[in-house]
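Dear colleague,

Please find below the structure that I am handing over to you, followed by an account of what was found in it.

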Amino acid sequence: METFLQQVINGISQGSAYALIALGYTMVYGVLRLINFAHGDVYMFGAFMGYYLANIPWIESRLGTSAASAVFVMLGAMILSAGLGILIEQFAYRPGRSATRFTLAFWFGVLGAGGGQLVGQTFASVVLGAVVGIAVGAVLEWLGIRPVRQESRLALLIIAIGVSLFLENGGQQAFGADPKFFPQIIPTTSLNIGPLNLDSQRVIVLLVSLALMVVLTVIVQYTKTGKAMRAVSFNLDAAKLMGINTDRIIAFTFALGSALAAAGGILVSLLYPRIDPLMGVMPGLKAFVAAVLGGIGSIPGAMIGGLIIGMAEVMAVGYGQSTYRDAIAFVILVLILLLRPAGIMGKGMIEKV
Amino acid sequence: MGILDVRNCTKRFGGLIAVKALDMCLNQGDLYGLIGPNGAGKTTVFNLITGVYKTDEGSIELDGRTIHRSKPSSIASLGISRTFQNIRLFRSMTVLENVKVARHMRKKQGIVDAIVHTRHLKSEEDEIERDAMQLLKIFNLDARADELAFNLPYGSQRRLEIARALATAPKVLLLDEPAAGMNPQESLELMRLIRSIRDEFHITILLVEHNMKVVMGVCEKIQVIDYGETIALGTPREIQGNPKVIEAYLGGA
Amino acid sequence: MKKWVFWLVALAALAAMESSLRGLIGAYNYQIVILVGINIILAVSLNLINGYTGQFSIGHAGFYAVGAYTSASLVFYGGPAIRGATAFLPQIAQNAVLLLAGIFAAAIAAGIAGWAVGIPSLRLRGDYLAIVTLGFGEIIRVLILNIDAIGGSRGFSGIPQLSNFFWVYLVVLITVVTVHNLVNSSYGRAFISIRDDEIAAEAMGVDTTRYKVMSFVISSMFAGIAGSLFGHYTMYLHPNSFLFTTSFYLIIMIVIGGLGSIEGAILGAVLVTVLLEVFREFGAFRLVNFSILLVLIMIYRPQGLLGAWTLFRPRKAAPAAK
Ligand SMILES: Nc1ncnc2c1ncn2[C@@H]1O[C@H](COP(=O)(O)OP(=O)(O)O)[C@@H](O)[C@H]1O
Ligand SMILES: [Mg+2]
């Protein structure tokens, strides 16, 4: 019985991490009707940012293993990842939707930086490469190469897959392909609650995730921006007509989702400290499954879906075949969608003919 | 018993009752009008008859066969075809191909025929094409057979929808506001066409139309519904003088 | 041209090329040519579901895996018996019989898998269908990981090498001709009508359920055959070759080329396979290049490189009968 309860706690903490990632999927899907396949990689990026922040010598020596250092690392990584989310939206998804500039300059700059690193291995060569790339891109754009208006959702989806591949492989190049070990930024102790023996990390993961979900709910339900987000989700064109700056709201949605994913990345890294540039692939996919399970576009749905998947995985590993672990999320998905084609919280609508 | 028999049909969307205990009976060769204010439930009746929506209560029979539990494609092959209020042509196909799709269900091509492109298939394809071109000619669309349907002007798209519906060789043809968006001249011509189709193809036609002139001019029997319920049934003359009908139109619109 | 003449010439040309190609271009390039061929089969067949029928499937790797493993196990375990039964034939004919048996089994097994996935998926639309097909693909992969008789997570080794340029490109030809003929028949029009407007298609008597399942089944059968050819070329299979990323690459191929066009799928398959090889010397930077290129193509040419352009025009309309 104790082990069962302990498993339940483990399941909830694993599930709340999935839920944090799933929220980003569901919010982006809400505003753009896009499966943002790059989202799992933002989670990876968040974990790496946390890793580098925690290893800044000044932080290590001043704050060490303390609540302050944990908060610094967490918030820092969330902000950096939010920035990444905004960049992705601006340079990959927005061109073709709104008139944007410097798309070519941006991507050529990235290419140049990568090429510079490959050739010179120094900071200067990276910068030089980036500058050359930006210049070339800017000139091409000046010559009149412009994005085509995006009417195909499929093309957008391929862009998302492209960005995902980019982050995974860019991550391997920038961070190195070998796994790294996430530092212990909060002390580990055992908590005994009655017969239960819990380690503090899990409890913190659980509490922080819940707190973030509460914060998100407040933002979405009660702030002006949150209301605008819901309006854009409901009907983008109508929201635009009503004077909402939809591009700003979409960028905000990406920032919010990416920050949550980064938080998820750090929380999971507290439990499983091994991090590598491909760590986002499977959790990202499962979080997406969680979002679909809950009814994509629905925020409470994403939370419930995350918890279901996390719980099922932990139970299956604890009581059954761990080799089937990666299939469990999908089996649940298939079963639930066959019963409820629009997900648990999704509304089934009869198409008006 | 008529060729198309709708009995006591009800359809709800959440709390809204779109069609309420509706009866309707068409006899072979009828040119039957279904009218009513906007939102009265006319399109929903079409969707129930063609199986796009399932009835909540009641039954629908075609030639004595129960059809309200069948899927739309089976109902189509049993002999009911339709046009849509919001034009639903196949947008990536040419005018001719649109008609061919509908014709195809009357032929049986084996998959092996299709893959190997046998001689049998070729002769059948030619036949389908001949039939399709013939239909297009009737609707004056043969000159534009190879254009994308999507590029046709609005009125021609409406006519193409009727041609496509006829290609399935229906017993009963349902037309949902075929004259919508046409000018008076075009509407008049369309009405003449509808009557001649009925006579030449020996089919039964159920017509939903907002243009009263058109409906009164072409239909022999008219049923008026409001809020999903029948409020009048009779000849155009009877309907025109019916106070309930006048009330529904004046009060509703 | 008479059909049988075409096939006779094709067979002769393929046989001639098989005997000289490796010497001409070297073993490394030969292998790339084979991979290109296998990817063409996969892309052209996937295009049937995604491009023509308009159903968004990203689980093609699963059917590819089913075919690869079915054929490999049949030949691995049943090979000696089949060779015994055909001992009177020369070696090369024995190999052909073995490969054809494998291909046949692969097509059947993958077709059944396609049917099993197609039926339940019919209730789902758009992104829901996409994620479920992806899920099925992953479930298949995890199942394979757990079957010890076919190597499990160690991978399946010791598969006899039976396929080569001749067989791969013979199947490429068959796939292209089949899909081309199919989409230019009433079946193709039915598929496209579903893509364009499912409700109108049903109203015109197109049994959309039947045609969707049919396109799933046909498409998976070809994926299965591609799997068989792959396993009998590389002589080793590992579940990681059939990750969902493989399905992603196939989707990329058909979208880059231009969805709903056979030429587009072929171009996409060639381009993606060759690009990935060309960039190989850059290490991790290879996929950085590739992914940025992909993003840029989709931003600047979302309809794909070829768009709806097609080399083989369907027959012109006949004049109306008088
Ligand atoms: N799929 C649907 N979901 C919800 N409500 C619907 C749907 N289809 C029709 N309705 C409602 O049913 C009523 C009747 O609609 P309709 O049959 O289209 O009217 P008409 O064709 O007579 O103008 C309307 O109030 C409409 O909003
Ligand atoms: Mg209507």
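**Magnesium site and contacts**

T43(B) is buried, at a relative accessible area of 15% (buried means under 20%, exposed over 50% and partly exposed in between, with a 1.4 Å probe and protein chains only). This is a predicted model, in which local features need pLDDT of at least 70 and side-chain atom pairs count only at pLDDT 80 or more, while totals for chains, interfaces and linings use all residues. Residues are numbered from 1 along each chain as its sequence is written, chains are lettered from A and ligands numbered from 1 in the order in which they are written, and side-chain values use heavy atoms, with hydrogens and water left out.

The protein donors of the magnesium ion (ligand 2) are T43(B), through OG1, and Q85(B), through OE1, at 2.0 to 2.1 Å. Donors are N, O and S atoms within 2.8 Å of the metal (3.2 Å for Na, K and Ca); water is not among the atoms, so sites may look incomplete. Helices (H or I, at least four residues) and strands (E, at least two) are DSSP runs, numbered from the N terminus. Q85(B) is partly exposed, at 28% relative accessibility.

**Interface of chains B and C**

Chain C contributes 34 residues to the contact and chain B 40, where contact means heavy atoms within 4.5 Å. About 3,300 Å² is buried between the two chains, 59% of it from carbon and sulfur atoms; buried area is the accessible area (1.4 Å probe) that two parts lose on being put together, summed over both. Three salt bridges are counted between chain C and chain B, a salt bridge being a side-chain nitrogen of Lys or Arg within 4 Å of a carboxyl oxygen of Asp or Glu. D197(C) and R88(B) form a salt bridge, with their closest N and O atoms 2.8 Å apart. On the side of chain C that touches chain B, α6(C) gives the most, with eight residues.

**Salt bridges within chains**

The whole structure holds 24 salt bridges over all chains. In chain A, R325(A) and E313(A) are joined by a salt bridge at 3.3 Å, N to O. R325(A) lies in helix α14 (residues 325-339) and E313(A) in helix α13, so the pair ties together parts that are twelve residues apart in sequence. E313(A) is buried, at 0% relative accessibility, whereas R325(A) is partly exposed, at 28%.

Yours sincerely
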